[in-house]
Amino acid sequence: GRPTQPAFSPDGERIRFTLFDAAAHTSALWEVRADGSRLHAVLPGWHDPAHECCGVWTPDGRYFLFRSTLHSDSFGDIFALPDRTGLLQRTPSTPTQLTFGPMEFYIGALTPDGKRLLVDGYQSHGELVRYDPGSKQFIPLLGGIDAYAVAFSRDGKHAAYIDAVDSTLWTIRADGSDKIQLTYSPDHAALPRWSP
């Protein structure tokens with residue numbers, strides 16, 4: 001994997017980072033001591049496959065905040081992981097979910113006093129349209145579905161497309177009827193094409 005987004009603990013003794021694995025389509029939180037020892041996953045087995053990233057510590061070091069998509073078909077929520085230190089070692093706890101979609105959340109910043117977390121929340125809604133030169137307006141296409149990578153059959157009676165919400169593959173009649181789902185999450189489809 002590729003390590004990115006390092007975050008030092010407030011005491012400077014540990015570094016947590018996101019490990020992206022492009023081949024496995026995963027991202028996981030890892031920790032290492034500042035001297036390079038004790039490399040380990042922060043939440044081994046919490047989600048399989050892992051989809052956690054982008055963590056920061058609270059200024060007092062009591063919590064580690066991060067983003068998780070739980071499953072590859074969800075948009076992303078913010079979680080807090082208590083960071084308790086025992087006499088001999090840190091005791092992992094279960095993360096607490098702080099945000100609840102359907103918006104896609106990202107960690108923005110902590111207020112200077114460390115008491116408030118500011119997050120960015122996004123919720124997009126697409127509509128498939130075509131431009132009508134006669135009326136100089138955009139007209140809904142295929143019922144105005146939220147889709148991309150649309151491919152029409154040679155006879156123009158059907159279309160295949162990728163659902164913009166969960167990247168699944170669908171077919172639909174050109175009049176917007178008879179939608180059929182062909183793939184399911186967590187698989188992601190792309191670039192549909194009709195055979196000759």
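**Figure 1. Salt bridge between arginine 67 and glutamate 104 in the predicted model.** Arginine 67 and glutamate 104 form a salt bridge, and their closest N and O atoms are 3.2 Å apart. The pair connects distant parts of the chain, with arginine 67 in strand β6 (residues 63–68) and glutamate 104 in strand β11 (residues 104–110), 37 residues apart. Arginine 67 has a relative accessible area of 9% and is therefore buried, the cut-off for buried being under 20%. Glutamate 104, with a relative accessible area of 23%, is partly exposed.

**Figure 2. Salt bridge between arginine 16 and aspartate 83.** The two side chains meet at 3.0 Å, N to O. This pair also links distant parts of the chain: arginine 16 belongs to strand β2, aspartate 83 to the loop between β7 and β8 (84–85), and 67 residues separate them. Both arginine 16 and aspartate 83 are buried. Side chains of opposite charge can pair when their charged atoms come close.

**Figure 3. Salt bridge between aspartate 178 and arginine 173.** The side chains of aspartate 178 and arginine 173 meet at 2.5 Å, N to O. Aspartate 178 is partly exposed, because its relative accessibility is 49% and exposed requires over 50%. Arginine 173 also counts as partly exposed, at 36% relative accessibility. Elsewhere, salt bridges with shared partners join Arg14, Arg16, Glu31 and Asp83 into one network. A search of the whole structure gives seven salt bridges.

**Figure 4. Disulfide between cysteine 53 and cysteine 54.** The sulfur atoms of cysteine 53 and cysteine 54 lie 2.4 Å apart, and the count for the model is one disulfide. The torsion about the S-S bond is about -80°, so the disulfide is left-handed. Cysteine 53 is buried, at a relative accessible area of 8%. Cysteine 54 has 24% relative accessibility and counts as partly exposed.

**Figure 5. Open sheet of strands β5, β6, β7 and β10.** The four strands follow the order β5-β6-β7-β10, and their pairing is antiparallel. At the edges are β5 (52–57) and β10 (96–97), each of which pairs on one side only. Strand β7 (residues 77–82) runs antiparallel to β10, and two bridges join them. Phenylalanine 79 has glutamine 97 in β10 as its bridge partner. Strands of a sheet pair through backbone hydrogen bonds, either parallel or antiparallel.

**Figure 6. Open sheet of strands β1, β2, β3 and β4.** This sheet has four strands in the order β1-β2-β3-β4, with antiparallel pairing. Its edge strands are β1 (2–8) and β4 (40–41), and each pairs on one side only. Between β1 and strand β2 (residues 14–21), which run antiparallel, there are five bridges. Threonine 4 stands opposite threonine 18 in β2.

**Figure 7. Hairpin of β13 and β14.** Strand β13 (residues 129–132) pairs with strand β14 (residues 137–140) in the antiparallel sense over four bridges. Aspartate 132 is opposite glutamine 137 in β14. The hairpin has four residues between the strands, and lysine 136 takes a positive phi near 55°.

Figure 8. Arginine 130 is partly exposed, at 39% relative accessibility. With neighbours within four places in sequence set aside, arginine 130 is in contact with Gln137, Phe138, Ile139 and Leu141. Arginine 130 and tyrosine 161 are 31 residues apart in sequence, and their C-alpha atoms are 15 Å apart in space.

**Figure 9. Nonpolar surface patch of Val129, Tyr131 and Phe138.** Together the three residues have about 310 Å² of accessible area. Tyrosine 131 is found in strand β13. At 43% relative accessibility, tyrosine 131 counts as partly exposed. In a regular strand the side chains alternate between the two faces of the sheet.

Note on methods. Residues numbered from 1 in each chain as written. Predicted model: local features only at pLDDT ≥ 70, side-chain atom pairs only at ≥ 80, totals over all residues. Heavy atoms only, no water. Patch = residues over 30% accessible without salt bridge, like charges linked within 9 Å, V, L, I, M, F, W, Y side chains within 5 Å. Areas by Shrake-Rupley, 256 points an atom, 1.4 Å probe, with all protein chains shown as cover. Salt bridge = Lys/Arg side-chain N within 4 Å of Asp/Glu carboxyl O. Buried < 20%, exposed > 50% of the residue type's maximum accessible area, 1.4 Å probe, protein only. Disulfide = S-S within 2.5 Å. Pairing = 2+ DSSP bridges. Contact = heavy atoms within 4.5 Å.
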